Amino acid sequence: GALKEVDNNDPKSARAILLNIRKTLNDLRRRNNLYVLADCIFEINQAMPALWRYRKSPPDLTVAEEGLQMVGAAAVYVDRVRRCKSIAPAQVRSSPEFSRLIDGAIESLSHIPRAAETRDGALLLRVIRELKSIDTLLFFRFG
């Protein structure tokens, strides 16, 4: 079905079909008490929209509640990244590419509380864009 949609020049529909397959496989493994790196990467990818939404609609960093929501979304994301780092097979964990992406995400996420505290919307935007790139690369390479 996804290939048909690509042939019909409808990449959004093709993507939706492929994401549904990915979710189905994730659900199937969970029901069978299996958990692999691809599932962990799926969870990272699922956490990205909570941060990505700030790209076009940045929080009002003068309002403490909005900054806390953003920091909370970052905390969820970094927790998932750290979990993936811990469960990755040794060969993957030791690969320079995986380390660069995972450690880069952790480093980027460490700037979000500072961006909220200093009300630095430009820093926040740079971090979110960088995280989106990392998120996409994690999906392509390890998801």
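The protein chain contains 8 helices and 0 strands, where helices (H or I, at least four residues) and strands (E, at least two) are DSSP runs numbered from the N terminus. Read from the N terminus, the order of elements is α-α-α-α-α-α-α-α. This is a predicted model, in which local features need pLDDT of at least 70 and side-chain atom pairs count only at pLDDT 80 or more, while totals for chains, interfaces and linings use all residues. Residues are numbered from 1 along each chain as its sequence is written, and side-chain values use heavy atoms, with hydrogens and water left out.

The C-alpha trace of the protein chain spans about 45 × 40 × 30 Å along its principal axes. Of the 143 residues, 34% are buried; buried means under 20% relative accessible area, exposed means over 50%, and partly exposed lies in between (1.4 Å probe, protein chains only). Among contacts with a separation of 6 or more, 62% join residues 24 or more positions apart, a contact being heavy atoms within 4.5 Å.

The surface can be described by area and by charge. The protein chain exposes about 8,700 Å², of which carbon and sulfur atoms supply 55%; the areas come from the Shrake-Rupley method with a 1.4 Å probe, and for residues only the protein chains shown count as cover. There are 23 positive and 17 negative side chains, and the centres of the two sets lie 3 Å apart. Lys and Arg count as positive and Asp and Glu as negative, without His and the chain ends, and each charge is placed at NZ of Lys, CZ of Arg, CG of Asp or CD of Glu.

A search of the whole structure finds 1 disulfide, defined as a pair of cysteine sulfur atoms within 2.5 Å. Cys-40 and Cys-84 form this link, with their sulfur atoms 2.1 Å apart. Because Cys-40 lies in helix H3 (residues 37-52) and Cys-84 in helix H4, the pair ties together parts that are 44 residues apart in sequence. The link is left-handed, with -115 degrees about the S-S bond. Cys-40 is buried at a relative accessible area of 0%, and Cys-84 is likewise buried at 0%.

Helix H4 (residues 64-87) also holds Ile-87, which is partly exposed at 33% relative accessible area. Leaving aside residues up to four places away in sequence, Ile-87 touches Tyr-35, Val-36, Leu-37, Cys-40 and Arg-93. Ile-87 and Tyr-35 are 52 residues apart in sequence, and their C-alpha atoms are 9.2 Å apart in space.
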